[in-house]
Amino acid sequence: SWFNRKLYEIHGIKLTDIFEKVYLSHEINKRKPNPETFAWVASQLNTKTENIFFTDDSVQHIEGAMKAGMSIFHYPQNKLLSEIFKI
């Protein structure tokens, strides 16, 4: 919620403005990097893990998503969105 709030404060957008669907582990009560979590998300979307984009600042979570076959982006800690993306 902090990230989404900051994104809105700085850029006037929310994650749901950028992505079709957003799954947050604390909202779905499933934990990363557990492969079953990634498979569950894929099943909710009626797709394969290979069709899903995953981002996180934790290397452990990124590695779990990669093992599950997802496209990933490792969001570096202590970086501003404006330093990474042209928003």
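Author: In this predicted model, Lys and Arg count as positive and Asp and Glu as negative, while His and the chain ends are not counted.

Reader: How far apart are the mean positions of the positive and negative charges of the protein?

Author: The protein has 11 positive and 10 negative charges.

Reader: Which order do the elements of the protein follow from the N terminus on?

Author: The protein contains 6 helices and 2 strands. Read from the N terminus, these elements run α-α-α-α-β-α-β-α.

Reader: What radius of gyration does the protein have, and why does it agree with that of a compact globule?

Author: The C-alpha atoms fill a box of roughly 35 × 25 × 20 Å along the principal axes. For 87 residues, a compact globule would have a radius of gyration near 12 Å. The value for the protein agrees with this, being 13 Å.

Reader: How much of the accessible surface of the protein belongs to carbon and sulfur atoms?

Author: Of the 87 residues, 24% count as buried. The accessible surface comes to about 6500 Å². The part of this surface that belongs to carbon and sulfur atoms is 51%.

Reader: Is Ser-25 buried or exposed?

Author: Ser-25 lies in helix α3, which covers residues 25-28. Its relative accessible area is 18%. Buried means under 20%, so Ser-25 is buried.

Reader: Which residues does Ser-25 touch, not counting those up to four places away in sequence?

Author: Residues up to four places away in sequence are set aside here. The contacts of Ser-25 are then Lys-30, Arg-31 and Lys-32.

Conventions:
Residues numbered from 1 in each chain as written. Predicted model: local features only at pLDDT ≥ 70, side-chain atom pairs only at ≥ 80, totals over all residues. Heavy atoms only, no water. Helix = DSSP H or I, 4+ residues; strand = E, 2+ residues; numbered from the N terminus. Buried < 20%, exposed > 50% of the residue type's maximum accessible area, 1.4 Å probe, protein only. Contact = heavy atoms within 4.5 Å. Rg over C-alpha atoms; globule rule 2.2 N^0.38 Å. Areas by Shrake-Rupley, 256 points an atom, 1.4 Å probe, with all protein chains shown as cover. Charge placed at Lys NZ, Arg CZ, Asp CG, Glu CD.
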